[in-house]
Amino acid sequence: MLWWAGAVLMAVGEMGNFAAYGFAPITLIAPLGCVSVTGSAIISVMFLKENLRASDLLGMTLGFAGTYLLVNFAPNRTQSISARTVQYYFVGWQFLIYVIFEILIFCTLLYFHKRKAMKHMVILLSLVALLASLTVISVKAVSGMITFSVTDKMQLTYPIFYIMFIIMIASCVFQVKFLNHATKLYNTAMVVPINHVFFTTSAIIAGIIFYQEFLGAAFLTIFIYIFGCFLSFLGVFLITRNRDKEHLPQSYIDFGNIPGKQTLDKIQPDSNGLSYGTLPDGSDSTKSQSGEKKEV
């Protein structure tokens, strides 16, 4: 029951994240993923009774500071995402050059991954990041057109809506595929911070190029925004650093492999006798408190 409640809450949270793209810029929503990492660290301390390390406190502080800068200095342009707006951005020369460049990089990395059997974490997470840029573009387009349909005029009759919807589903599926592959080969504590940096950077670049979200922004605003991203990245690294080492299995003594001793047949006590094991010759015997030897 508790698992289902958690799954439902996660689904509701993802729906809220999807709806947020229809109202706020990508360059604001994407970097705020560090809040989920910070929240996970707090929950693990409260409910899972994990140790609160000094690096966790420093990482949370940097994460909150970076979030504050991002919220205050991210572009606050409110633009209505209609089907015609998406079509205009979709055929723009900036996006076409970006897509061609991204396809070339993606095909090159995929060639090394498939043909050369290179499974380095950077290659896998770079593939995830390239797909993530298309995901955030399509998610914002679909969410924005749905929002525009509810508040103003129906936009779901335009073909661009279904094109973006297909791109969103396809990119999400392959993105999860490569990410699962990375988590199987490498520790999650290594994958999470690097994937966060790659995903956020790719999403920010996609938002700047496709939706032109930093158009007309001052240099100081852009600099502080980048500094806020750096603080959030550093906070995520500090929170996840050496996290998996705390869950190493405890040492134990294997009584069946004692150096220089013959391996015994049974280790657990016999419930029908007084013996606590089987002797090497196969006979169970023990001595009573008075010193007499009793055969079992």
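Which residues does the UniProt annotation "transmembrane region" cover? In the unreviewed entry, this annotation covers residues 20-45, 57-75, 95-112, 124-148, 160-179, 191-211 and 217-239; UniProt positions are given in the numbering used here, feature names are shortened, and annotations may be inferred rather than shown by experiment. The structure is a predicted model, in which local features need pLDDT of at least 70 and side-chain atom pairs count only at pLDDT 80 or more, while totals for chains, interfaces and linings use all residues. Residues are numbered from 1 along each chain as its sequence is written, and side-chain values use heavy atoms, with hydrogens and water left out.

The secondary structure of the protein comes to 10 helices and two strands, where helices (H or I, at least four residues) and strands (E, at least two) are DSSP runs numbered from the N terminus. Along the sequence these elements follow the pattern α-α-α-α-α-α-α-α-α-α-β-β.

The largest pocket holds about 1700 Å³ of space. A pocket is defined on a 1 Å grid over the protein atoms alone as an open set of points where a 1.4 Å probe fits, with protein on both sides within 12 Å along at least five of seven lines, and its lining residues have an atom within 4 Å of a point; grid points are joined across faces, edges and corners, and the volume is the space filled by probe spheres set on the points. The lining comprises 38 residues, of which Met10, Glu14, Asn17, Gly33 and Ser36 lie nearest the centre of the pocket. At least two lining residues are supplied by each of α1 (2-20), α3 (34-46), α7 (121-151), α8 (159-185) and α9 (188-210), and the largest share, nine residues, comes from α1. By class, the lining has 23 nonpolar, 14 polar and one charged residues, with Ala, Val, Leu, Ile, Met, Phe, Trp, Tyr, Cys and Pro taken as nonpolar, Asp, Glu, Lys and Arg as charged, and the others, Gly among them, as polar.

One salt bridge (a side-chain nitrogen of Lys or Arg within 4 Å of a carboxyl oxygen of Asp or Glu) is found in a search of the whole structure. The side chains of arginine 53 and aspartate 56 meet in a salt bridge at 2.9 Å, N to O. Aspartate 56 counts as buried at 1% relative accessibility, and arginine 53 counts as buried at 16%.

Nine aromatic pairs are present, a pair being rings of Phe, Tyr and Trp (its six-membered ring) with centres within 6.5 Å, counted as stacked when the planes are under 30 degrees apart, edge-to-face when over 60 and tilted for the rest. Tyrosine 89 and tyrosine 211 form an edge-to-face pair, 5.8 Å centre to centre with 75° between the planes. Because tyrosine 89 lies in helix α5 (residues 83-90) and tyrosine 211 in the loop between α9 and α10 (219-240), this pair ties together parts that are 122 residues apart in sequence. Both tyrosine 89 and tyrosine 211 are buried. The rings of phenylalanine 161 and tyrosine 162 have centres 5.1 Å apart and planes at 90°, so this pair is also edge-to-face; phenylalanine 161 counts as buried at 8% relative accessibility, whereas tyrosine 162 is partly exposed at 45%. Ring pairs also link Tyr88, Tyr89, Phe90, Phe95, Phe210 and Tyr211 into a cluster.

Asparagine 72, in helix α4 (residues 54-73), has its C-alpha atom 9.8 Å from that of glycine 228, which is 156 residues away along the chain. Lysine 153, in the loop between α7 and α8, is exposed, with a relative accessible area of 51%.

Backbone geometry was also examined. Most residues other than glycine have a negative phi. Alanine 117, in the loop between α6 (93-114) and α7, has a positive phi near 55°. Glutamine 212, in the loop between α9 and α10, has a positive phi of about 50° and is partly exposed, with a relative accessible area of 22%.

How values were computed: Buried < 20%, exposed > 50% of the residue type's maximum accessible area, 1.4 Å probe, protein only.
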